[in-house]
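Please keep the sequence and the model in view while reading.

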There are 2 protein chains.
Amino acid sequence: MSRVPAPDKRRAILDAAITVFARQGFHSARVSDVAAEAGVAYGLVYHYFDSKDQMLNELFSERWALLLEASQEVGRSDAPPRDKLAGVANFIIESYRHEPELMKVIIVEVTRAANSFGRTHLPEIRRAYDLVAEIVSDAQRAGEFRDDVDANFAAMVFYGAIEQLLTGWIFESIPGTDEDYERAKRLVIETICDGLEPRPVGDTLVG
Amino acid sequence: MSRVPAPDKRRAILDAAITVFARQGFHSARVSDVAAEAGVAYGLVYHYFDSKDQMLNELFSERWALLLEASQEVGRSDAPPRDKLAGVANFIIESYRHEPELMKVIIVEVTRAANSFGRTHLPEIRRAYDLVAEIVSDAQRAGEFRDDVDANFAAMVFYGAIEQLLTGWIFESIPGTDEDYERAKRLVIETICDGLEPRPVGDTLVG
DNA sequence: CGCTAGATTGACTGGTCAGTCAGCCGAACC
DNA sequence: GGTTCGGCTGACTGACCAGTCAATCTAGCG
């Protein structure tokens, strides 16, 4: 009953979709390209998926769920807020480091594509922002972050920065050595938490 | 010689394109929709434009040139760097306030569409980032901004935040009262210049 | 008035794909 | 060996739409 342990063509198709969507963009990727990349007949794609769209939806949701989970995890920890933000940034940047093609598809075709797919997934996307906003507002309540910057606004800046960063790596193929990734992680947090203007000497806080 | 002072159908078509692209998105906007919106025959669109793409390109370049000009202007002034950044932010937010449809098209279909049109216009887009980066690095040389944050990185955060902000207005129709716009202008600058962490009392700088 | 040139019209063509479907293959079970 | 059923195949269809083009209109001009 199992001469070959189920070649899982479904997964193969999904993986091929990542490669093809990343290479050509979702719009100009033909279903036949995905089938070819997966080494599978055209029709089989429709055996496993209802539509071309569904493949992208599935790729996105699968991965985004992990991000939401990780963000929640981070939010629950009792680390200082700066480290929590760093935790979220780390997760995203590491995701890109390990699966650049998948992340490219998610960012370019969903997150940044507010018209088409971003529209559909707006609730999930917002959820991620909200989790960051929560981290910020918790910190504000605890007096660890200034409370005169709206938490949702801060979350927006945070995600704006990270998205822009990934977009840079994706399209201008900024080197992306391990060192670059680490530096970027540090800089996002420093910029957002400390600001661009110089800080007075010492670290004493406003009472 | 001039009973009707040249109805300038070309402009009418371009304006119709703004409306239609903003409403339906570039991709699902048909050329026939634009013609209908402009009250003009289908073929006339191709009398004035080579392709559907060319219309979008023209809409983008026309407006983006203004942004670049304004940014340069701001960069040349001798205002404090914080005010320079505020100047750029103001220009963009005011552009959105006065021509939300056009800005929607530009942001959604070009700036955020790194695959399709963003690709084509990357040099112009980068130029805008570079101008902000210059403002930052000038300030760093003058000791007015910390110099341990890469200027290009700062520019990225700045644009990331603003793009995210406009995207919010565009898609979630966040109110957008005059008050909201003013508040947003203030918050972007505050967040980016001062950071999220509380600042020690007084404003004395690191020596 | 006849002529030219540019503006204007809209039916039509050609190419592109997403999605369908009729049927094939091979494993397991009778 | 026959039957069944899921995985699997790929040629085909139907819809859609950017871009073309031949024809019509209008304005000036000699």
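## The surface near DNA strand D

Sorted by class, the surface near DNA strand D comprises 9 nonpolar, 5 polar and 3 charged residues. The model is a predicted one, and the description of this surface should be read with that in mind. In total, 17 residues surround DNA strand D, and the closest of them are A:Ala41, A:Gly43, B:Gly43, B:Tyr46 and B:Ser51.

Three helices each supply at least two residues of this surface, namely α3 (42-48) of chain A and, from chain B, α2 (31-38) and α3 (42-48). The most is given by α3(A), which contributes 4 residues to the surface near DNA strand D.

## How the two chains are related

Chain B is superposed on chain A by a rotation of 180 degrees with 0.0 Å of shift along its axis, and the RMSD of that superposition is 0.1 Å. The two copies are thus related as by a two-fold rotation axis. Both copies use the same surface for their contact, since 100% of the contact residues of chain B recur in chain A.

## The contact between chain A and chain B

Between the chains, 41 residues of chain B are in contact with 41 residues of chain A. On the side of chain B that touches chain A, the elements that give two or more residues are α8 (151-172) and α9 (178-194) of chain B. Of the residues on that side, 13 come from α8(B), which gives the most.

The class make-up of the side of chain B that touches chain A is 22 nonpolar, 10 polar and 9 charged residues.

## A helix pair within chain A

Within chain A, helix α1 (residues 9-24) packs with helix α6 (residues 100-111) at an angle of about 55 degrees, and their axes are 8 Å apart. That angle makes α1(A) oblique to α6(A), and the crossing of the two helices α1(A) and α6(A) is left-handed.

On the α1(A) side, the contact is made by A:Ile18, A:Thr19, A:Phe21 and A:Ala22, while α6(A) brings A:Glu101, A:Leu102, A:Lys104, A:Val105 and A:Glu109. Taken by class, the contact of α1(A) with α6(A) holds 5 nonpolar, 1 polar and 3 charged residues.

Terms used. Residues numbered from 1 in each chain as written. Chains lettered and ligands numbered in written order. Predicted model: local features only at pLDDT ≥ 70, side-chain atom pairs only at ≥ 80, totals over all residues. Least-squares fit on C-alpha atoms with pLDDT ≥ 70 in both. Contact = placed C-beta atoms within 7 Å. Axes fitted to C-alpha atoms, helices over the stretch in contact; angles between N-to-C directions. Parallel < 35°, antiparallel > 145°, perpendicular 65-115°, else oblique. Left-handed = near helix turned anticlockwise from the far one by under 90°. Nonpolar A, V, L, I, M, F, W, Y, C, P; charged D, E, K, R; others polar. Near = placed C-beta within 6 Å.
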